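Hi,

Here is the structure I promised to pass on. Have a look through it first, and then read my notes below.

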Amino acid sequence: MQTRTAEERDAFHNVWVIAEHRWGETKAVTFELLSAARDLADKRGSEVWCILLGDGVRSSAAACIASGADVAVVVDAPALSEFVDQTYADLVSRFIATYRPEIVLCGATAYGRALAPRIAVQVDAGLTADCTSLEIDPESGDLLQTRPAFGGNIMATIRAATHRPQMATVRPRVLDLPTPDPGRSGRIVEEQIEPDDVTENVRIIRTIRDNTGTVPLADARFIIAGGRGVQGKEGFELLKSFAETVGGAVAASRAAVDAGWIDYAHQIGQTGQTVQPRVYVACGVSGQIQHLVGMQSANLIIAINRDRHAPIMQFADYAIVGDLFEILPAMMDEIRQL
Ligand SMILES: Cc1cc2nc3c(=O)[nH]c(=O)nc-3n(C[C@H](O)[C@H](O)[C@H](O)COP(=O)(O)OP(=O)(O)OC[C@H]3O[C@@H](n4cnc5c(N)ncnc54)[C@H](O)[C@@H]3O)c2cc1C
(Lines give C-alpha, C1' and ligand atoms only; values in the text may rest on other atoms or scores of the structure.)
Protein backbone atom coordinates (compact mmCIF):
# COMPACT_ATOMS: atom_id res chain seq x y z
CA MET A 1 0.00 0.00 0.00
CA GLN A 2 1.29 3.42 -0.91
CA THR A 3 2.42 5.57 2.00
CA ARG A 4 1.95 9.31 1.61
CA THR A 5 4.11 12.19 2.78
CA ALA A 6 2.67 14.83 5.13
CA GLU A 7 2.43 17.19 2.17
CA GLU A 8 0.46 14.63 0.14
CA ARG A 9 -1.84 13.90 3.10
CA ASP A 10 -2.64 17.62 3.41
CA ALA A 11 -4.34 17.44 0.01
CA PHE A 12 -7.13 15.25 1.49
CA HIS A 13 -10.11 16.93 3.20
CA ASN A 14 -13.57 16.17 4.56
CA VAL A 15 -15.39 13.16 5.92
CA TRP A 16 -17.49 11.08 3.52
CA VAL A 17 -20.37 8.75 4.21
CA ILE A 18 -21.37 6.27 1.51
CA ALA A 19 -25.15 6.12 1.90
CA GLU A 20 -26.86 2.76 1.83
CA HIS A 21 -30.03 3.05 -0.22
CA ARG A 22 -31.83 -0.23 -0.85
CA TRP A 23 -35.37 -1.27 -1.68
CA GLY A 24 -36.42 2.37 -2.03
CA GLU A 25 -35.20 3.57 1.37
CA THR A 26 -32.06 5.07 2.82
CA LYS A 27 -31.01 2.74 5.63
CA ALA A 28 -30.70 3.91 9.23
CA VAL A 29 -26.97 3.08 9.27
CA THR A 30 -26.44 6.00 6.84
CA PHE A 31 -27.82 8.45 9.39
CA GLU A 32 -25.85 6.85 12.23
CA LEU A 33 -22.68 7.33 10.15
CA LEU A 34 -23.64 10.94 9.37
CA SER A 35 -23.91 11.63 13.08
CA ALA A 36 -20.39 10.27 13.70
CA ALA A 37 -19.04 12.01 10.58
CA ARG A 38 -20.43 15.35 11.80
CA ASP A 39 -18.59 14.94 15.09
CA LEU A 40 -15.30 14.03 13.34
CA ALA A 41 -15.60 16.86 10.81
CA ASP A 42 -16.36 19.44 13.51
CA LYS A 43 -13.24 18.43 15.42
CA ARG A 44 -11.21 18.70 12.23
CA GLY A 45 -12.88 21.89 10.94
CA SER A 46 -13.94 20.16 7.72
CA GLU A 47 -17.13 19.18 5.90
CA VAL A 48 -19.35 16.10 5.82
CA TRP A 49 -20.17 14.76 2.37
CA CYS A 50 -22.77 12.09 1.75
CA ILE A 51 -22.54 9.98 -1.42
CA LEU A 52 -25.93 8.81 -2.68
CA LEU A 53 -25.94 6.25 -5.49
CA GLY A 54 -29.01 4.53 -6.94
CA ASP A 55 -32.25 4.96 -8.83
CA GLY A 56 -34.50 7.48 -7.05
CA VAL A 57 -31.95 8.59 -4.44
CA ARG A 58 -32.22 12.32 -5.13
CA SER A 59 -35.15 12.62 -2.75
CA SER A 60 -32.96 11.40 0.15
CA ALA A 61 -30.45 14.26 -0.18
CA ALA A 62 -32.50 16.62 2.03
CA ALA A 63 -32.74 14.01 4.82
CA CYS A 64 -28.95 13.51 4.69
CA ILE A 65 -28.35 17.26 4.89
CA ALA A 66 -30.83 17.52 7.79
CA SER A 67 -28.84 14.76 9.53
CA GLY A 68 -25.49 16.50 9.28
CA ALA A 69 -24.20 16.46 5.67
CA ASP A 70 -22.87 19.72 4.20
CA VAL A 71 -22.76 18.27 0.68
CA ALA A 72 -24.80 15.48 -0.91
CA VAL A 73 -23.21 14.01 -4.03
CA VAL A 74 -26.05 12.43 -5.98
CA VAL A 75 -25.89 9.97 -8.86
CA ASP A 76 -29.51 9.16 -9.61
CA ALA A 77 -29.69 6.80 -12.59
CA PRO A 78 -31.76 3.78 -13.67
CA ALA A 79 -28.46 1.98 -14.39
CA LEU A 80 -27.90 1.97 -10.62
CA SER A 81 -31.27 0.47 -9.71
CA GLU A 82 -29.58 -2.80 -8.70
CA PHE A 83 -26.61 -2.80 -6.36
CA VAL A 84 -23.60 -4.13 -8.27
CA ASP A 85 -20.57 -3.71 -6.03
CA GLN A 86 -18.11 -3.37 -8.91
CA THR A 87 -20.06 -0.57 -10.60
CA TYR A 88 -20.67 1.28 -7.34
CA ALA A 89 -17.01 0.90 -6.32
CA ASP A 90 -15.80 2.22 -9.69
CA LEU A 91 -18.01 5.29 -9.32
CA VAL A 92 -16.99 6.07 -5.75
CA SER A 93 -13.31 5.52 -6.60
CA ARG A 94 -13.64 8.05 -9.43
CA PHE A 95 -15.14 10.61 -7.04
CA ILE A 96 -12.44 9.93 -4.44
CA ALA A 97 -9.76 10.58 -7.07
CA THR A 98 -11.48 13.87 -7.95
CA TYR A 99 -12.43 15.24 -4.52
CA ARG A 100 -9.84 13.56 -2.26
CA PRO A 101 -11.68 12.91 1.03
CA GLU A 102 -9.65 12.43 4.18
CA ILE A 103 -12.05 9.80 5.60
CA VAL A 104 -14.61 7.49 3.94
CA LEU A 105 -17.18 5.62 6.06
CA CYS A 106 -19.51 2.74 5.11
CA GLY A 107 -21.90 0.61 7.14
CA ALA A 108 -20.57 -2.82 8.16
CA THR A 109 -23.57 -4.37 6.44
CA ALA A 110 -23.65 -6.84 3.53
CA TYR A 111 -23.71 -3.74 1.27
CA GLY A 112 -20.78 -1.98 2.94
CA ARG A 113 -18.79 -5.18 3.29
CA ALA A 114 -19.08 -5.77 -0.45
CA LEU A 115 -18.33 -2.18 -1.40
CA ALA A 116 -15.68 -0.86 0.98
CA PRO A 117 -12.89 -3.39 0.29
CA ARG A 118 -13.24 -2.90 -3.47
CA ILE A 119 -12.97 0.87 -3.10
CA ALA A 120 -10.05 0.56 -0.67
CA VAL A 121 -8.07 -1.52 -3.15
CA GLN A 122 -8.86 0.80 -6.06
CA VAL A 123 -7.87 3.99 -4.23
CA ASP A 124 -5.03 2.38 -2.28
CA ALA A 125 -6.51 3.23 1.11
CA GLY A 126 -6.27 1.69 4.54
CA LEU A 127 -9.54 0.03 5.62
CA THR A 128 -10.57 -0.98 9.14
CA ALA A 129 -13.62 -3.23 9.11
CA ASP A 130 -16.35 -3.60 11.73
CA CYS A 131 -15.49 -0.61 13.91
CA THR A 132 -17.52 -0.02 17.05
CA SER A 133 -16.37 3.57 17.67
CA LEU A 134 -14.48 6.33 15.89
CA GLU A 135 -12.44 9.28 17.13
CA ILE A 136 -10.06 11.67 15.41
CA ASP A 137 -6.76 13.33 16.15
CA PRO A 138 -7.74 16.92 15.30
CA GLU A 139 -4.16 17.94 14.51
CA SER A 140 -3.09 15.18 12.13
CA GLY A 141 -6.55 14.07 10.95
CA ASP A 142 -5.67 10.48 11.84
CA LEU A 143 -8.83 8.44 12.34
CA LEU A 144 -8.76 6.41 15.57
CA GLN A 145 -10.71 3.30 14.64
CA THR A 146 -11.73 0.98 17.49
CA ARG A 147 -12.82 -2.60 16.87
CA PRO A 148 -12.69 -5.99 18.60
CA ALA A 149 -9.44 -7.88 17.98
CA PHE A 150 -7.92 -11.26 18.84
CA GLY A 151 -11.25 -13.09 18.73
CA GLY A 152 -13.00 -10.21 20.47
CA ASN A 153 -11.01 -10.48 23.68
CA ILE A 154 -9.56 -6.98 23.42
CA MET A 155 -10.60 -3.74 21.78
CA ALA A 156 -7.89 -2.38 19.46
CA THR A 157 -7.61 1.22 18.25
CA ILE A 158 -6.11 1.37 14.79
CA ARG A 159 -4.72 4.35 12.89
CA ALA A 160 -3.50 4.43 9.30
CA ALA A 161 -1.23 7.41 9.85
CA THR A 162 0.56 7.39 6.50
CA HIS A 163 -2.41 6.60 4.23
CA ARG A 164 -5.14 8.70 2.72
CA PRO A 165 -8.03 8.35 2.44
CA GLN A 166 -8.70 6.43 5.63
CA MET A 167 -11.61 4.04 5.32
CA ALA A 168 -13.72 2.30 7.95
CA THR A 169 -16.88 0.25 8.08
CA VAL A 170 -18.98 0.69 11.22
CA ARG A 171 -21.51 -1.75 12.62
CA PRO A 172 -25.16 -0.70 12.45
CA ARG A 173 -26.78 0.34 15.73
CA VAL A 174 -23.56 0.96 17.62
CA LEU A 175 -23.64 4.71 16.87
CA ASP A 176 -26.45 7.03 17.89
CA LEU A 177 -28.93 8.34 15.34
CA PRO A 178 -28.78 12.12 14.91
CA THR A 179 -31.76 14.36 15.60
CA PRO A 180 -32.58 15.71 12.12
CA ASP A 181 -32.68 19.48 11.69
CA PRO A 182 -34.88 20.25 8.64
CA GLY A 183 -33.57 23.85 8.75
CA ARG A 184 -29.95 22.84 7.95
CA SER A 185 -28.75 23.91 4.55
CA GLY A 186 -26.29 22.14 2.30
CA ARG A 187 -25.20 21.79 -1.31
CA ILE A 188 -26.32 19.11 -3.71
CA VAL A 189 -23.75 18.10 -6.33
CA GLU A 190 -25.21 16.11 -9.22
CA GLU A 191 -22.73 13.71 -10.80
CA GLN A 192 -23.38 11.76 -13.97
CA ILE A 193 -22.86 8.09 -14.61
CA GLU A 194 -20.69 7.37 -17.62
CA PRO A 195 -20.95 4.27 -19.82
CA ASP A 196 -17.54 3.07 -18.62
CA ASP A 197 -18.76 3.14 -15.01
CA VAL A 198 -21.19 0.25 -15.52
CA THR A 199 -19.40 -3.07 -15.40
CA GLU A 200 -20.18 -5.61 -18.08
CA ASN A 201 -18.87 -8.45 -15.96
CA VAL A 202 -22.01 -8.66 -13.86
CA ARG A 203 -25.61 -8.71 -15.07
CA ILE A 204 -28.44 -8.94 -12.54
CA ILE A 205 -31.14 -11.21 -13.96
CA ARG A 206 -33.54 -11.24 -11.04
CA THR A 207 -33.48 -10.09 -7.43
CA ILE A 208 -35.42 -12.03 -4.83
CA ARG A 209 -35.80 -10.62 -1.34
CA ASP A 210 -34.87 -13.22 1.22
CA ASN A 211 -37.64 -13.28 3.79
CA THR A 212 -36.68 -16.61 5.33
CA GLY A 213 -34.12 -15.05 7.64
CA THR A 214 -36.03 -11.91 8.42
CA VAL A 215 -36.28 -12.23 12.14
CA PRO A 216 -37.37 -8.71 13.08
CA LEU A 217 -34.53 -8.51 15.59
CA ALA A 218 -33.17 -5.22 14.32
CA ASP A 219 -36.35 -3.34 15.21
CA ALA A 220 -37.46 -5.43 18.20
CA ARG A 221 -38.00 -3.51 21.43
CA PHE A 222 -37.98 -6.71 23.49
CA ILE A 223 -35.56 -9.58 22.80
CA ILE A 224 -35.29 -12.84 24.67
CA ALA A 225 -32.04 -14.67 23.90
CA GLY A 226 -31.12 -18.26 24.60
CA GLY A 227 -27.70 -19.83 24.98
CA ARG A 228 -26.31 -23.28 25.60
CA GLY A 229 -28.25 -23.34 28.86
CA VAL A 230 -31.50 -23.60 26.86
CA GLN A 231 -30.41 -27.19 26.13
CA GLY A 232 -32.12 -27.79 22.80
CA LYS A 233 -34.84 -26.93 20.27
CA GLU A 234 -37.55 -27.62 22.86
CA GLY A 235 -36.00 -25.03 25.16
CA PHE A 236 -36.27 -22.46 22.38
CA GLU A 237 -40.02 -23.23 22.10
CA LEU A 238 -40.30 -21.89 25.66
CA LEU A 239 -38.45 -18.73 24.63
CA LYS A 240 -40.72 -18.35 21.59
CA SER A 241 -43.87 -18.51 23.70
CA PHE A 242 -42.34 -15.96 26.08
CA ALA A 243 -41.60 -13.69 23.09
CA GLU A 244 -45.18 -14.09 21.86
CA THR A 245 -46.52 -13.23 25.31
CA VAL A 246 -44.68 -9.89 25.37
CA GLY A 247 -44.57 -9.19 21.60
CA GLY A 248 -40.82 -9.64 21.29
CA ALA A 249 -38.27 -11.51 19.18
CA VAL A 250 -36.07 -14.52 19.91
CA ALA A 251 -32.27 -14.36 19.66
CA ALA A 252 -29.45 -16.76 20.41
CA SER A 253 -25.80 -17.13 21.29
CA ARG A 254 -23.42 -18.71 18.83
CA ALA A 255 -23.25 -21.86 20.96
CA ALA A 256 -26.99 -22.39 20.48
CA VAL A 257 -26.73 -21.67 16.74
CA ASP A 258 -23.73 -23.99 16.31
CA ALA A 259 -25.66 -26.73 18.11
CA GLY A 260 -28.34 -26.43 15.40
CA TRP A 261 -31.10 -25.45 17.85
CA ILE A 262 -31.93 -22.22 16.03
CA ASP A 263 -31.09 -20.56 12.72
CA TYR A 264 -28.03 -18.31 12.28
CA ALA A 265 -30.33 -15.35 11.46
CA HIS A 266 -31.03 -15.18 15.22
CA GLN A 267 -27.38 -15.00 16.33
CA ILE A 268 -26.30 -11.95 18.32
CA GLY A 269 -22.70 -10.88 18.66
CA GLN A 270 -19.44 -10.33 16.90
CA THR A 271 -20.21 -12.76 14.09
CA GLY A 272 -23.97 -12.21 14.29
CA GLN A 273 -26.26 -9.22 14.53
CA THR A 274 -25.97 -6.10 16.67
CA VAL A 275 -29.21 -5.12 18.40
CA GLN A 276 -30.37 -2.25 20.58
CA PRO A 277 -33.71 -3.22 22.14
CA ARG A 278 -35.33 -1.61 25.17
CA VAL A 279 -35.14 -4.94 27.03
CA TYR A 280 -32.75 -7.89 26.44
CA VAL A 281 -33.34 -11.03 28.48
CA ALA A 282 -30.38 -13.42 28.28
CA CYS A 283 -31.32 -16.97 29.33
CA GLY A 284 -28.60 -19.56 29.81
CA VAL A 285 -26.04 -17.28 28.12
CA SER A 286 -22.70 -16.96 29.92
CA GLY A 287 -21.91 -13.52 28.46
CA GLN A 288 -18.63 -13.91 26.60
CA ILE A 289 -17.31 -10.69 25.04
CA GLN A 290 -18.19 -11.91 21.54
CA HIS A 291 -21.85 -12.05 22.59
CA LEU A 292 -21.82 -8.84 24.63
CA VAL A 293 -20.61 -6.67 21.72
CA GLY A 294 -23.87 -7.47 19.93
CA MET A 295 -26.25 -6.46 22.72
CA GLN A 296 -24.39 -4.13 25.06
CA SER A 297 -26.38 -1.10 23.88
CA ALA A 298 -29.71 -2.54 25.11
CA ASN A 299 -31.43 -0.14 27.52
CA LEU A 300 -32.15 -2.84 30.11
CA ILE A 301 -30.41 -6.20 30.38
CA ILE A 302 -31.88 -9.04 32.44
CA ALA A 303 -29.85 -12.25 32.85
CA ILE A 304 -31.19 -15.58 34.02
CA ASN A 305 -28.41 -18.03 34.85
CA ARG A 306 -27.78 -20.89 37.28
CA ASP A 307 -24.24 -19.63 37.81
CA ARG A 308 -24.13 -16.36 39.78
CA HIS A 309 -20.49 -15.90 38.69
CA ALA A 310 -21.18 -16.04 34.92
CA PRO A 311 -19.87 -12.83 33.28
CA ILE A 312 -23.36 -11.83 32.10
CA MET A 313 -24.48 -11.62 35.72
CA GLN A 314 -22.00 -8.78 36.36
CA PHE A 315 -22.95 -7.05 33.12
CA ALA A 316 -26.75 -7.21 33.54
CA ASP A 317 -28.96 -4.58 35.19
CA TYR A 318 -30.94 -7.41 36.82
CA ALA A 319 -29.35 -10.83 37.44
CA ILE A 320 -31.71 -13.68 38.35
CA VAL A 321 -29.88 -16.71 39.75
CA GLY A 322 -31.74 -19.92 39.01
CA ASP A 323 -32.96 -22.46 36.48
CA LEU A 324 -34.43 -20.77 33.42
CA PHE A 325 -36.95 -23.61 33.03
CA GLU A 326 -38.47 -22.65 36.37
CA ILE A 327 -38.06 -18.89 36.15
CA LEU A 328 -39.42 -18.24 32.62
CA PRO A 329 -42.80 -20.02 33.12
CA ALA A 330 -43.23 -18.20 36.45
CA MET A 331 -42.49 -14.84 34.78
CA MET A 332 -44.96 -15.64 31.96
CA ASP A 333 -47.70 -16.43 34.48
CA GLU A 334 -47.12 -13.09 36.18
CA ILE A 335 -47.09 -11.17 32.90
CA ARG A 336 -50.34 -12.79 31.71
CA GLN A 337 -52.06 -11.60 34.86
CA LEU A 338 -51.09 -7.95 34.24
C1 LIG B 1 -14.06 -15.24 16.67
C2 LIG B 1 -15.23 -15.61 17.54
C3 LIG B 1 -16.46 -15.06 17.25
C4 LIG B 1 -17.56 -15.37 18.04
N5 LIG B 1 -18.77 -14.78 17.77
C6 LIG B 1 -19.81 -15.00 18.60
C7 LIG B 1 -21.06 -14.35 18.39
O8 LIG B 1 -21.27 -13.60 17.42
N9 LIG B 1 -22.04 -14.57 19.27
C10 LIG B 1 -21.91 -15.39 20.36
O11 LIG B 1 -22.87 -15.55 21.14
N12 LIG B 1 -20.73 -16.05 20.57
C13 LIG B 1 -19.70 -15.88 19.70
N14 LIG B 1 -18.54 -16.56 19.93
C15 LIG B 1 -18.51 -17.63 20.92
C16 LIG B 1 -18.33 -17.13 22.35
O17 LIG B 1 -16.96 -17.00 22.65
C18 LIG B 1 -18.97 -18.13 23.35
O19 LIG B 1 -18.41 -19.41 23.16
C20 LIG B 1 -20.48 -18.26 23.23
O21 LIG B 1 -21.07 -16.96 23.23
C22 LIG B 1 -21.01 -19.06 24.41
O23 LIG B 1 -22.38 -19.26 24.25
P24 LIG B 1 -23.29 -19.50 25.52
O25 LIG B 1 -23.16 -18.35 26.46
O26 LIG B 1 -24.65 -19.85 25.02
O27 LIG B 1 -22.68 -20.86 26.13
P28 LIG B 1 -21.85 -21.13 27.47
O29 LIG B 1 -20.67 -20.23 27.56
O30 LIG B 1 -21.61 -22.59 27.52
O31 LIG B 1 -22.85 -20.69 28.63
C32 LIG B 1 -24.01 -21.38 28.95
C33 LIG B 1 -24.57 -20.75 30.22
O34 LIG B 1 -25.83 -21.33 30.52
C35 LIG B 1 -25.97 -21.44 31.93
N36 LIG B 1 -26.99 -22.46 32.19
C37 LIG B 1 -26.92 -23.80 31.91
N38 LIG B 1 -28.10 -24.39 32.20
C39 LIG B 1 -28.92 -23.42 32.68
C40 LIG B 1 -30.27 -23.41 33.16
N41 LIG B 1 -31.04 -24.51 33.16
N42 LIG B 1 -30.79 -22.24 33.59
C43 LIG B 1 -30.05 -21.09 33.59
N44 LIG B 1 -28.76 -21.04 33.14
C45 LIG B 1 -28.22 -22.19 32.68
C46 LIG B 1 -24.57 -21.79 32.39
O47 LIG B 1 -24.38 -21.46 33.76
C48 LIG B 1 -23.70 -20.95 31.45
O49 LIG B 1 -23.39 -19.67 32.03
C50 LIG B 1 -17.42 -16.26 19.13
C51 LIG B 1 -16.17 -16.81 19.41
C52 LIG B 1 -15.09 -16.49 18.63
C53 LIG B 1 -13.74 -17.08 18.97
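Predicted model: local features only at pLDDT ≥ 70, side-chain atom pairs only at ≥ 80, totals over all residues.

Now the overall layout. The domain assignment of the protein chain gives domain 1 as 6-197 and domain 2 as 222-336. Where they meet, the contact takes 8 residues from domain 1 and 8 residues from domain 2. The side of domain 1 that touches domain 2 has 3 nonpolar, 3 polar and 2 charged residues. The centres of the two domains, taken over C-alpha atoms, are 34 Å apart.

On to the cores. The largest nonpolar core has 58 residues, and Cys50, Ile51 and Leu52 have the most contacts inside it. Which helix gives this core its largest share? That is α2, with 8 residues. Leu52 itself, leaving out residues up to four places away in sequence, touches Ala19, His21, Val57, Ser60, Ala61, Cys64, Ala72, Val73 and Val74. A second, separate core has 34 residues, including Val250, Ala256, Ala282 and Ile301.

Just after the helix, Gly45 takes a positive phi of about 65°.

Ser67 lies in the loop between α3 (61-66) and β5 (71-76). Is Ser67 buried or exposed? The cut-off for buried is 20 or more other C-beta atoms within 10 Å, and Ser67 has 25, so Ser67 is buried. Leaving aside neighbours within four places in sequence, Ser67 is in contact with Phe31, Leu34, Ser35, Pro178 and Pro180. Of these, Pro178 is 111 residues away in sequence, yet the C-alpha atoms of Ser67 and Pro178 are 6.0 Å apart in space.

- The peptide bond from Arg164 to Pro165 is cis, with omega near -5°. Pro165 sits in the loop between β10 (154-158) and β11 (166-170).
- Arg100 has a positive phi, near 55°, in a residue other than glycine. Arg100 is in the loop between α4 (85-99) and β6 (103-107), and is partly exposed, with 15 other C-beta atoms within 10 Å.
- Asp124 also has a positive phi in a residue other than glycine, near 60°. Asp124 is in the loop between α5 (110-123) and β7 (126-131), and is partly exposed, with 14 other C-beta atoms within 10 Å.

Thr199 lies in the loop between β12 (187-190) and β13 (222-226). With 14 C-beta neighbours inside 10 Å, Thr199 counts as partly exposed. Not counting residues up to four places away in sequence, Thr199 touches Val84, Gln86, Thr87 and Asp90. Asp263 is in the loop between α7 and β15 (279-283). With 12 C-beta neighbours inside 10 Å, Asp263 counts as exposed, because the cut-off for exposed is 12 or fewer. Asp263 and Ala252 are 11 residues apart in sequence, and their C-alpha atoms are 8.7 Å apart in space.

Cheers

Terms used. Residues numbered from 1 in each chain as written. Helix = DSSP H or I, 4+ residues; strand = E, 2+ residues; numbered from the N terminus. Domains from an automatic or database assignment. Contact = placed C-beta atoms within 7 Å. Nonpolar A, V, L, I, M, F, W, Y, C, P; charged D, E, K, R; others polar. Core = buried A, V, L, I, M, F, W, Y, C linked by C-beta atoms within 7 Å.
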